Amino acid sequence: MKNKENTLLATPYLIWMCGFIVIPLALVIYYAFTTKSGAFTLENVGQILLWENYKPLVLALLLSFASTVLCFVFAFPLALILRNKKIGKGSFVAFIFILPMWMNSLLRILAWQTLLERKGVLNEFLLFFHLPRQNLINTPYAIILGMVYDFLPFMILPIYNTLSKIDDNTIDAAYDLGASFFTTLWKVILPLSVPGIVSGVTMVFVPALTTFAISNILGGGKIYLIGNVIEQEFTTNSNWNVGSGLSMILMLFIILSMAVLSRYDNGEGAMF
């Protein structure tokens with residue numbers, strides 16, 4: 001009887017999974033390995049070997065890796081400070097970090113475009129102090145900045161959640177045994193925070209690798225990532241077959257990265 005009740009409760013989720021995960025994924029796989037006439041082919045997947053597709057993939061991997069590293073560099077010390085200050089999840093400070101996640105992502109990136117453009121707020125500020133203008137917009141640095149700003153909360157919250165679960169007595173014991181702050185950080189705090197780090201890395205690296213809106217806005221259409229190439233194949237070129245083939249390659253990188261990271265995740269890095 002209990003199994004029937006569980007099955008009944010799970011039915012809406014199974015329907016949702018079939019409608020929004022299984023069926024779309026099956027369509028992508030079908031288009032990836034067929035021509036427009038429906039014949040089987042590997043040419044769509046092989047399009048990644050072309051330089052105009054291979055280069056955006058490599059660039060996307062580099063920029064997403066750089067943004068993930070920067071997010072971790074900023075997030076870990078901040079999460080450690082929040083933990084040491086005993087700031088709870090319901091505090092105003094925690095609310096400030098969650099607030100950007102409630103705003104439309106495109107609005108936030110458009111705001112950075114206004115700040116970074118040639119005659120934007122940042123350059124006008126520099127000009128006021130008789131400093132040279134900086135050409136930041138339409139560069140890889142602007143894209144990395146947009147990625148870090150957009151995805152930083154997704155790195156902070158899992159790490160903070162894991163750090164807040166570390167018992168104070170464990171840290172105090174390390175100090176009592178003569179360990180310095182940096183030794184305690186390296187030997188105790190960092191290993192215990194690995195689940196949160198893995199969760200944060202996953203939630204930053206994957207969307208950074210697949211993004212196309214950030215590079216469109218802050219790259220000015222001059223810097224193409226693999227997400228931009230796939231988006232153009234579906235929208236501009238109306239070539240769903242090549243777009244699906246390139247998407248399969250991108251999914252392969254995502255699956256591999258998640259498979260590696262999942263070995264270090266025990267589920268304790270959940271955001272909430």
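Predicted model: local features only at pLDDT ≥ 70, side-chain atom pairs only at ≥ 80, totals over all residues.
Q: Where does helix α7 run, and how many residues has it?
A: Helix α7 covers residues 140-163, which gives it 24 residues. From its first C-alpha to its last it reaches 32 Å, close to the 34 Å expected at 1.5 Å a residue.

Q: Where in α7 does the kink lie?
A: The kink lies at Phe151, shortly before the proline Pro153. Its angle is about 50 degrees.

Q: And how many of the residues of α7 are buried?
A: In α7, 19 of the 24 residues are buried, so the helix is largely enclosed by the rest of the structure.

Q: Changing topic to charged side chains: how many salt bridges does the count come to?
A: The count comes to three salt bridges. In general, side chains of opposite charge can pair when their charged atoms come close.

Q: Are Arg108 and Asp150 buried or exposed?
A: Arg108 has a relative accessible area of 7%, and is therefore buried, the cut-off being under 20%. Asp150 is buried as well, with a relative accessible area of 4%.

Q: Which residue does Asp168 pair with?
A: Asp168 forms a salt bridge with Arg83, with 2.6 Å between the closest N and O atoms. Since Asp168 lies in helix α8 (residues 168-176) and Arg83 in helix α3 (residues 51-84), the pair ties together parts that are 85 residues apart in sequence.

Q: What is the accessibility of Asp168 and of Arg83?
A: Asp168 is at 31% relative accessibility and counts as partly exposed. Arg83, at 8%, counts as buried.

Q: What about Glu124 and Arg133?
A: Their side chains meet in a salt bridge, at 3.7 Å from N to O. Glu124 counts as partly exposed at 36% relative accessibility, and Arg133 is partly exposed with a relative accessible area of 27%.

Q: On to the aromatic rings: how many pairs does a search of the whole structure find?
A: The search finds eleven aromatic pairs. One of them is formed by Trp51 and Tyr54; this pair is tilted, with 6.1 Å centre to centre and 40 degrees between the planes.

Q: Where do Trp51 and Tyr54 lie?
A: Both lie in helix α3, three residues apart, which is about one turn of the helix. Trp51 counts as exposed at 57% relative accessibility, whereas Tyr54 is partly exposed, with a relative accessible area of 41%.

Q: And what kind of pair do Trp112 and Tyr149 form?
A: Trp112 and Tyr149 form an edge-to-face pair, 5.6 Å centre to centre, with 70 degrees between the planes. This pair links distant parts of the chain, because Trp112 is in helix α5 and Tyr149 in helix α7, 37 residues apart. Tyr149 is partly exposed, its relative accessible area being 32%.

Q: Which residues form the aromatic cluster?
A: One aromatic cluster is formed by Tyr30, Tyr31, Phe234 and Trp240.

Terms used. Residues numbered from 1 in each chain as written. Heavy atoms only, no water. Helix = DSSP H or I, 4+ residues; strand = E, 2+ residues; numbered from the N terminus. Expected span 1.5 Å × (residues − 1). Bend = angle between axes of the 7 residues up to and from the residue. Buried < 20%, exposed > 50% of the residue type's maximum accessible area, 1.4 Å probe, protein only. Salt bridge = Lys/Arg side-chain N within 4 Å of Asp/Glu carboxyl O. Phe/Tyr/Trp six-rings, centres within 6.5 Å; stacked < 30°, edge-to-face > 60°.
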